[in-house]
Amino acid sequence: MATPQAIITGNRDGRRTLIVVFQRGGADGLALVPPIEDDHYYRARPRLGIKKDVAVRLDDRFGLHPNLRPLEAAWKDGDLAIVHACGSEDPTRSHFEAQDLMEHGGLVAGGWLGRFLRTRPALSGALACVAVGKALPECLLGAPSVTVMQSLNDFALGGKSVGVRNQLERLYAMESGQLGTAARDTFDAIRRIDAMRSEKYVPAYGATYATDEFSTGLQQLAQLIKADVGLEAASIDLDGWDSHFTQETLLGSLTTRLATGLASFRQDLGERMKTVTIVVMTEFGRTVQENSAFGTDHGRGGAMFVLGGGVKGGRFHGEWRGLGQLEPRGVGSSYEDLPVLNNYRNVLAPVLVRHGGRTEDFAKVFPDFPLAPLPLYG
Amino acid sequence: MKRRAFMAVTGAAAALAGCGKSPKQIRNDFRRALGKPTAADLDGPFTAPASATIDDASHVLARLTFGPRPGDYARVARLGAKLFIEEQLAPEKIGDRLCERVIRHEFGSLADPESTIFPRGKDENDPLQMLFPALKDRGARVGDLYEWKDKVLLSDLTRATILRAVLSERQLYEVMVQFWSDHFNIDPSKGDCKWLKAADDRDVIRAHALGNFREMLRASAVSPAMLWYLDGRANRRSKPEDKPNENYARELMELHTLGVHGGYTQQDVMEVARCLTGWTVREKKKFFKGRVEFKKYAHDDGPKRVLGVDIPAGFGAGDLDRVLEIVASHPSTATYIAWKLCRRFIADEPPQEAIDATARAFTESKGDIRTTLRALFATSEFWAPETRSAKFKRPFHFVVSAIRATNAETDASKQLIEFLQRMGHAPFRYPTPDGYPEEATHWKSTLLWRWNFAGALMDNKINGTRVSRAELVRKVGMDELVATLLGRLPSEDERAAFREAGDLAVVIASPAFQRC
């Protein structure tokens with residue numbers, strides 16, 4: 001395990017950034033990552049199954065939804081790992097209950113990411129943690145210094161003139177010790193954000209971002225990372241995965257947004273992706289069988305993605321048993337669930353280690369759970 | 001209609017109306033109900049600190065309150081710092097009508113705890129009380145809390161906490177409420193704590209904040225919210241193979257009493273957990289939900305040994321009081337509580353002499369909090385020059401002190417809470433049982449948002465919070481205002497910087513105002 005200092009690339013402050021993308025609504029892992037060699041899959045989904053010839057083949061078992069093709073490069077470069085049949089122990093199939101349990105990390109106060117950030121040495125950055133959107137997601141409850149960001153303007157020094165700022169800087173220049181250092185760091189961050197806001201952002205390496213909210217949010221996160229403001233954790237949601245009806249249409253647009261957003265971000269960051277991890281997760285997957293409304297209903301296991309530096313990508317992690325022997329969803333039900341063979345915490349734990357987490361703190365981050373972290377990193 | 005149903009219906013309607021109201025409407029409602037604004041009248045005298053260093057009056061205002069309002073310095077200087085301490089140690093003798101009425105008017109869910117903690121006579125200005133005399137003591141039953149939406153309760157608790165800190169004349173009491181809220185921290189986002197924390201705030205923290213530590217500890221041990229938060233409700237031994245849940249037992253010793261190095265062992269944790277088996281809370285879906293019960297069949301009634309003291313078999317529910325007596329009277333508890341109090345009131349790394357004196361008072365008074373604080377405030381370390389203005393205000397203190405110093409009116413609504421959230425210090429949002437940290441190191445990354453808050457406050461850009469800047473400067477005077485904010489005269493450098501900036505926000509954002 002490399003120390004944070006050892007892998008510094010372009011990131012001047014040596015910090016690593018963890019971005020959590022939550023697919024709200026229960027994303028269908030079997031549409032995102034179809035088991036294209038499993039006949040049971042096509043029998044369960046005669047109309048909705050992703051055909052082998054349109055899927056983007058990943059290995060001898062799975063493909064990607066065709067709209068996720070922009071992620072193929074990351075897979076081939078070994079930067080994208082996938083865990084299938086992944087989810088939580090929550091059996092309710094209620095969006096609210098399942099999201100809550102997953103974001104809290106169990107029946108426990110605060111969010112797993114918020115508690116994780118609290119276990120860390122005091123954050124030094126002025127902008128260590130950002131939630132893109134209108135509200136604080138549950139996973140960040142209890143985080144120190146978290147900012148709900150709707151635009152980069154939220155970070156300006158409240159419309160104050162340069163004169164006022166100069167006087168403030170003059171006052172803090174007289175401070176020695178912790179307060180003086182913290183003030184100097186903060187003024188640096190403000191200057192970098194101002195510089196960033198004053199000119200039109202040009203993504204690097206020829207990347208272009210789409211104009212939807214998800215891509216815009218990711219672009220702003222990329223800007224913050226490049227501005228070295230000390231961003232350590234961020235969350236961003238992509239909503240609307242609850243595909244009970246006409247799933248193909250619904251997922252068509254969502255998968256495109258997901259893949260183009262992530263691919264643009266990765267391209268834009270270039271080498272700096274080595275210091276960034278993006279985790280894509282959802283509260284549950286969906287029924288194996290399609291329903292009569294060309295949709296799927298609330299299920300259990302889904303797919304989880306880990307994209308970023310150091311991950312042993314280009315492969316699947318965790319357990320997979322195929323769709324041959326499934327548990328019926330209930331007595332008399334003709335629906336079956338993909339079982340949760342891989343608990344989401346076992347995916348998050350190694351990611352947190354990568355981001356400086358200490359295993360002795362995991363009892364606080366994921367209490368009352370026997371962790372068996374997946375070997376996502378070499 | 002039964003009283004409870006009546007309260008629930010009217011309360012729910014008020015809550016809904018509250019949700020839909022703009023901050024301006026809420027503030028206007030306050031004014032209508034109270035007949036005047038919630039900020040104090042600026043009628044002076046505004047004698048300001050006139051010393052280049054922090055004098056006694058400024059020092060006690062900085063440490064015992066959430067910051068002085070214009071006029072407070074003059075009053076405390078006249079009264080004398082020591083008498084001010086005595087005054088603040090007797091909150092029941094302090095009239096606090098404005099604050100109490102705001103809380104009663106706006107937060108039906110909180111069931112008016114002041115009326116029982118600080119009993120008062122008839123309030124002829126309270127129409128509800130005059131119509132229904134029984135409402136004078138309308139402490140709600142715990143189960144009634146479930147009739148509220150959890151989000152309404154959290155918002156009410158948060159706003160009431162901020163408003164009390166801003167408005168209350170019982171400032172030391174509010175400071176101690178915050179201290180114990182951290183000490184016995186419960187994050188409402190876990191399970192039924194969403195509803196039950198409101199009762200804990202009322203019946204544990206507020207009821208005993210300046211009372212007796214042992215009584216507070218007892219109340220906390222059987223607080224339904226605490227039984228939820230630290231899993232005491234699941235600590236049972238119905239079958240011989242049941243393992244006790246030791247979560248509460250551990251935190252009871254590590255955080256609430258002895259402290260982590262207080263001299264208990266893993267064996268003690270197990271034994272305490274055994275003593276507390278059987279105490280549980282009725283769940284949300286049942287009748288009498290939220291009620292705390294002792295289930296004899298789930299209690300391990302064998303003999304136990306806690307911190308060297310034998311507890312014979314067969315005491316049943318009585319084990320609880322035996323255990324609390326043992327841990328509360330342990331010498332480590334006195335030292336640990338004294339250390340925490342000294343850290344809050346003296347310095348992040350408090351001098352040992354002050355801790356010893358405070359611990360002695362705690363032990364001799366059997367946990368009387370007023371006696372303990374009186375001893376702390378009498379130490380020479382509390383008054384030492386190097387103590388003064390050397391603590392870094394936590395964000396809540398910073399925000400409230402800015403509102404108080406500028407005589408701002410506030411309804412403590414969403415945008416103000418968002419500022420606190422950005423600084424990581426909104427009330428009732430701390431996930432783990434150790435409570436918000438006290439030391440400066442944890443808060444140094446909040447400067448950007450302190451500066452932004454200072455600007456937003458002075459430019460009236462926070463919805464629901466309003467500073468009458470021109471009136472403030474006209475009535476108080478610019479120099480007096482600056483001296484009140486700093487607690488002393490500005491230095492030459494400060495004076496020059498403030499003059500050139502020409503903006504009061506810079507004073508609030510300045511290093512000196514971050515300290516207390």
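Modeller: Two strands pair if DSSP finds at least two bridges between them. Strands (E, at least two residues) and helices (H or I, at least four) are DSSP runs, numbered from the N terminus. This is a predicted model: local features need pLDDT of at least 70, side-chain atom pairs count only at pLDDT 80 or more, and totals for chains, interfaces and linings use all residues. Residues are numbered from 1 along each chain as its sequence is written, with chains lettered from A and ligands numbered from 1 in the order in which they are written.

Biologist: What makes strand E1 of chain A a partner of E7(A)?

Modeller: Seven bridges join E1(A), residues 17-24, to E7(A), and the two run parallel. At least two are needed, so they pair. Val21(A), for one, has Ile236(A) as its bridge partner in E7(A).

Biologist: How many bridges join strand E5 of chain A to E7(A)?

Modeller: Three, and these strands run parallel. Cys129(A) is bridged to Ala233(A).

Biologist: Why is E7(A) called mostly covered?

Modeller: Six of its seven residues are buried. Buried means 20 or more other C-beta atoms within 10 Å of the residue's own, with C-beta atoms placed from the backbone.

Biologist: Why are helices H11(B) and H12(B) called roughly antiparallel?

Modeller: Their angle is about 170°, with axes 9 Å apart. Angles over 145 degrees, on a scale from 0 to 180 between N-to-C directions, count as roughly antiparallel. Therefore H11(B) is roughly antiparallel to H12(B).

Technical notes:
A residue is buried if 20 or more other C-beta atoms lie within 10 Å of its own, exposed if 12 or fewer, and partly exposed in between; C-beta atoms are placed from the backbone. Angles under 35 degrees count as roughly parallel, over 145 as roughly antiparallel, 65 to 115 as roughly perpendicular and the rest as oblique.
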